[in-house]
Amino acid sequence: MKYFFILLSIYLIYGPITALWIRKNHRGDVPGDYRLSFDDGPTEITEELLDLLEKYEEKAYFFPLGKKVKGNEDIIRRIEKEHDLGFHGYAHINYLFSGPLKTRRDFYQGLRAFQDIGFYPKYFRGPYGSYNLYLYYLLKKEKMNIIQWDDLLGDWEEYEPGILADKLKNKAINHHLLVLHDGTEGTAGEEAKYQMIKELQSFLKGKNGNGE
């Protein structure tokens, strides 16, 4: 029993306690009422999303996955030019349950995907908001800033029209950093990203009057 509690203590420090501390102490720069951020892309909707953000002069954080860089190089270049480019690991693993070897492999495989097209992301966000002590060491070693969020809006689920737009309206206050997804990973519904962009457009139109 003693060894069980020793192992449990080691795991709690390595995973959950480190993750909770990071979530509490790392967030992005939000100069206005709110700032948007997008995880899990790029996908077939990302260019449309970039056009929408350009129209409404919204600057966001983007956290693409390393496994999606190949074939989407032009989109990554546009993100880097117009927004703040981070990354989200390579394969959307849960770092909370990943040992040092798996953590290192996924982190550097993801980072190399960006370096191969000439970029070095400044920011990082763990999938599911997951981190561990070894990942924190790698992030410090690579001088990478961790960007967490204030509000996770659940846009990976499929809602009735208007619900996500209302959530955005209610949470876009007090310098909050909001999370949306331009990709579908984990438990996300395949149609969720299409619904997200419609709801985001509705929110931005409402915020800017008639949107024209």
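Modeller: The largest nonpolar core holds 48 residues, and L36, F38, F107, F124, L168, L180 and L200 are the ones with the most contacts inside it. Such a core is a set of buried Ala, Val, Leu, Ile, Met, Phe, Trp, Tyr and Cys residues joined through side-chain atoms within 4.5 Å, where buried means under 20% relative accessible area with a 1.4 Å probe, protein chains only. A second, separate core has six residues, including Y61, F63, I147 and L177.

Biologist: What should I know about the model itself?

Modeller: This is a predicted model, in which local features need pLDDT of at least 70 and side-chain atom pairs count only at pLDDT 80 or more, while totals for chains, interfaces and linings use all residues. Residues are numbered from 1 along each chain as its sequence is written, and side-chain values use heavy atoms, leaving out hydrogens and water.

Biologist: OK, and what share of the 212 residues is buried?

Modeller: In the protein chain, buried residues account for 52% of the 212.

Biologist: Changing topic, how many helices and strands are there?

Modeller: The protein chain has seven helices and seven strands, counted as DSSP runs (H or I, at least four residues, for helices; E, at least two, for strands) and numbered from the N terminus. From the N terminus on, their order is α-β-α-β-α-β-α-β-α-β-β-α-β-α.

Biologist: And what box do the C-alpha atoms fill?

Modeller: Along the principal axes, the C-alpha atoms of the protein chain fill roughly 65 × 35 × 35 Å.

Technical notes. Buried < 20%, exposed > 50% of the residue type's maximum accessible area, 1.4 Å probe, protein only.
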